[in-house]
Amino acid sequence: MNENLASELPWLYAGLAAYALATVFAVKGAWQAQVAAPQTLLGNERVVFLGALAGVLLLVTAIAERWVRIGHGPFVSLFELIMSQLCSLGIVYTIAYWRLPMLRPSAVIVLPAMWILGLWILFLDPVASPYPPTYHNKWLWAHVGFGKFFLAFSLVGTGLAGVLLLRAHSRLQGWFRAMPDDMQVDALAWRFMLLAFIFHSLMLIAGAVWAQDAWGRYWAWDALETSSFLNWLLLGAAIHVRTTYRVAPRHAALAIIVIFVFAFLTYFGAPFYSEAAHKGVI
Amino acid sequence: MSSPRLTLFGMAMLAVGAALSYDNPAGTSVWVLVVPMGFLSLNLLAAVIHNPRIHQRGGLLVFHLCLLGIVLLAAFGRLTRLDAHTELVEGTAFDKDNLLDVRQGPLHRTGLGRIEFVQGPYTVDYAPGMVRGLTHSEVLIPSAHGWRHLDVGDDRPLVMNGYRFYTTFNKGFAVVLSWLPAGGGNSIRGTVNMPAYPLYDFRQANRWQPREGEEIRFWLELETGLTDQHAWTLAPSKAQAELIVKSGEQRVVLGPGQHVRLAGGVLTFERLSSWMGYKIFYDPTINWLFFTAIIGVFGLASHFWQKLRQPDWQPTAKRDRIVESLSGRTVT
């Protein structure tokens, strides 16, 4: 393919550069938090926020540019899925960062985690993807939208879970000393996971309606459906355990990380492992 | 029975059952899912009755009852479902006795006899590289004002009497033939379906054994404009064709309207036609499943909303009294 024709790439690279700026200042802020007074970090937080916001806006532009170029939304190829995930994860985390000051130090975990996708997309071909006939369906939008909220809320919860695990190490405690105690961070993390559970449920419902229209069955245990259901079950079981038994915040944090890793593999592994219908191009 | 430990055990069993079904439900026993779901349903029912943490919280109660409802509806759906395929030649009516690959639940009571529609022409768009695009299949259904034309295809099934007819990639050409037996008798007319097109464009062949004479073999030579270099539309009504007929040592090429005298009678190639393969799906529970699931999620959301409004996670740390929000307002 002729990469010169992929007009969304400059916007994508600019968006990644903005995320990189936010990441650098998040790490710098965490480092400074060990010795500096909390109020002196406000300027740093503004740069993180503005960097993330600029990244989101530039990625929205990149998606729009690609949409115009190839004639359909970012629903088919891995390049498109990662680009839209970078954008949606950025939107939700930036809003959380803005509205909930107590979770801002978690940016030092969340932003580098997003760089897994940021680096991955650099190695993918932006070639135009064919739009499958079964994707001309409004339920696809609902399914994808709910899925993005699920993953984004899981990411915010994962950032907070990462804080709980990292500050168990004496050397890293200073990074997060501006944050409340473990019990409060744990409570906030699980509230995001509860939101994630609701959106995961909605994603499964919308996906089933779409599958019924697209392939004449609402559920067929294909690779992505099964992984997604297992992820839902895992999250449901974790919520059950946490509400039924006394679970130490760090153990609960570990569960969140496992759930997020499973979700990540479901999103970016299963559809490209399987040749089943859910892969799209049939 | 309502023990949370049993709930977790049931969830673990269900996870194992789902993992065993992964990408291979047809090759896995349905019991790996039925047993844990049955177990979890009993556990859930006991919990709803005995556990005040569930039955005293409206939203949570609604969610769990809906989960139970989903399991029961899914089970009933499996018992009453029908999955099948059919191939319909242009101009012919749906025939309930002409189904393929039928799989149905033991409680399915067929209503296919009340379904009436006639297959019309279809088109299928292809992007460069032979990537299939939108299918437009015209069907005619009876109405109070005569026949009504409907365009179905891909994610727009024909829904009649609860049965859903989906177009599939499986479609192709058919030849309309008539046969006049050499020994006298009535002429018969019928169609021979060729293999799926363009999937098997290289072997558009089939055979037919008349009651009299030798088996007749057919090859169809098509001119459809097929190309993988550019966008292309498969439109059988615009295709040109010649039919190669072979019977014994006799071989002849026929155009539409031409005939040939064979050992057992006279064969006429009347015209080229097309057929469309449909997947048929019936499950009386799908709308109920949808509404039950939505109500369940709303119940859960309502329960979580109560929790989210509790202030126990609101920060009390010293820092938050002095941090200004990024919009410039002071957070207190």
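This is a predicted model: local features need pLDDT of at least 70, side-chain atom pairs count only at pLDDT 80 or more; totals for chains, interfaces and linings use all residues.

Biologist: What makes B:Arg164 and A:Asp213 a salt bridge?

Modeller: The side chains of B:Arg164 and A:Asp213 meet at 3.3 Å, N to O. The cut-off is 4 Å between a side-chain nitrogen of Lys or Arg and a carboxyl oxygen of Asp or Glu, so the pair qualifies. The rule finds one salt bridge across the interface of chain A and chain B, along with five residue pairs in polar contact, both residues being at pLDDT 80 or more.

Biologist: Which helix supplies the largest share of the side of chain A that touches chain B?

Modeller: That share comes from α6(A), with 16 residues. By class, this side of chain A has 40 nonpolar, 14 polar and nine charged residues.

Biologist: How much area is buried between chain A and chain B?

Modeller: About 5,200 Å², and carbon and sulfur atoms give 68% of it. In terms of contact, 63 residues of chain A meet 60 residues of chain B.

Biologist: How do you know that domain 1 of chain B and domain 2 of chain B are in contact?

Modeller: Contact needs heavy atoms within 4.5 Å, and five residues from domain 1 of chain B and seven residues from domain 2 of chain B take part, so the two domains touch. They bury about 510 Å² between them. In domain 1 of chain B, B:Leu79, B:Thr80 and B:Arg81 lose the most area to domain 2 of chain B, together 80% of what that side buries.

How values were computed:
Residues are numbered from 1 along each chain as its sequence is written. Chains are lettered from A and ligands numbered from 1 in the order in which they are written. Side-chain values use heavy atoms; hydrogens and water are left out. Buried area is the accessible area (1.4 Å probe) that two parts lose on being put together, summed over both. A polar contact is a pair of N or O atoms within 3.5 Å; within protein, one must be able to donate a hydrogen and the other to accept it, and residues adjacent in sequence count only if both atoms are side-chain atoms. Helices (H or I, at least four residues) and strands (E, at least two) are DSSP runs, numbered from the N terminus. Ala, Val, Leu, Ile, Met, Phe, Trp, Tyr, Cys and Pro count as nonpolar, Asp, Glu, Lys and Arg as charged, and the others, Gly among them, as polar.
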